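Reader: I have the sequence and the coordinates open. Please take me through the pockets and the cores.

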Amino acid sequence: MHRLLLRVLGVLVVALPFFLTVRPHTASAAAAPPELRVVTWNICGEAGGNPGFDSYCPYRTDPQRKANEIARVVTEHGANVVLLQEICGGEDGSQLSLLATALGSGWSYRHALVRRPADGASYCRGTGANDLKGDLGVAVLVKATITATTDQPTVPSTPTVNLQQLPLLCVRTAE
């Protein structure tokens, strides 16, 4: 019995430092990256058309109403990333600036220009009294702080066909 007790004590002496060693805790759920909840939308900064036609785009010439509708969808679905095509941005009163205001604080965004094939222009086209403000492009909005941006053309600057110059826009966030 005495020998058994000595063996148990010997195992404890050897094993005790292992149990007393401070080991790192596994990452908690709070440290895990947030789940991405993405909304994507074609804002129709270039399209027009009337209801019932393929080119119809709701609220195209009412940027405030469109911004409010997108913000409603983002909130309803708890989205934390918004990807937008054919959005007018870069100017106060543009679709993008109105959307950023509608989403509120905590959001940051980047905008990259689209170039038309004929003249390389990117201004947003209007319809007289309902001219859209800013430049046509794509945008990424995130509910985080953007720390880096990549804007890469997806069509060569001298394409063999008359193509619109569409950018690939990527962002990196701090969170």
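Reader: Which element gives the most to the lining of the second largest pocket?

Author: β6 does, with five residues. This is a predicted model, where local features need pLDDT of at least 70, side-chain atom pairs count only at pLDDT 80 or more, and totals for chains, interfaces and linings use all residues. Residues are numbered from 1 along each chain as its sequence is written, and side-chain values use heavy atoms, without hydrogens and water.

Reader: What makes L83 and C170 lining residues of the second largest pocket?

Author: Lining residues have an atom within 4 Å of a pocket point; a pocket is an open set of points on a 1 Å grid over the protein atoms alone, where a 1.4 Å probe fits, with protein on both sides within 12 Å along at least five of seven lines. L83 and C170 are among the residues that line this pocket, so each has such an atom.

Reader: Why is L103 said to be in contact with A71, V74 and L141?

Author: Contact means heavy atoms within 4.5 Å. L103 meets this with A71, V74 and L141, leaving aside its neighbours within four places in sequence.

Reader: What makes the set that includes L103 a nonpolar core?

Author: Such a core is a set of buried (under 20% relative accessible area, 1.4 Å probe, protein chains only) Ala, Val, Leu, Ile, Met, Phe, Trp, Tyr and Cys residues joined through side-chain atoms within 4.5 Å. The largest one has 18 residues, with V74, L84, L99, L103 and L141 having the most contacts inside it, so these five count as buried. α2 gives the most to this core, with five residues.

Conventions: Helices (H or I, at least four residues) and strands (E, at least two) are DSSP runs, numbered from the N terminus. Buried means under 20% relative accessible area, exposed over 50%, partly exposed in between (1.4 Å probe, protein chains only).
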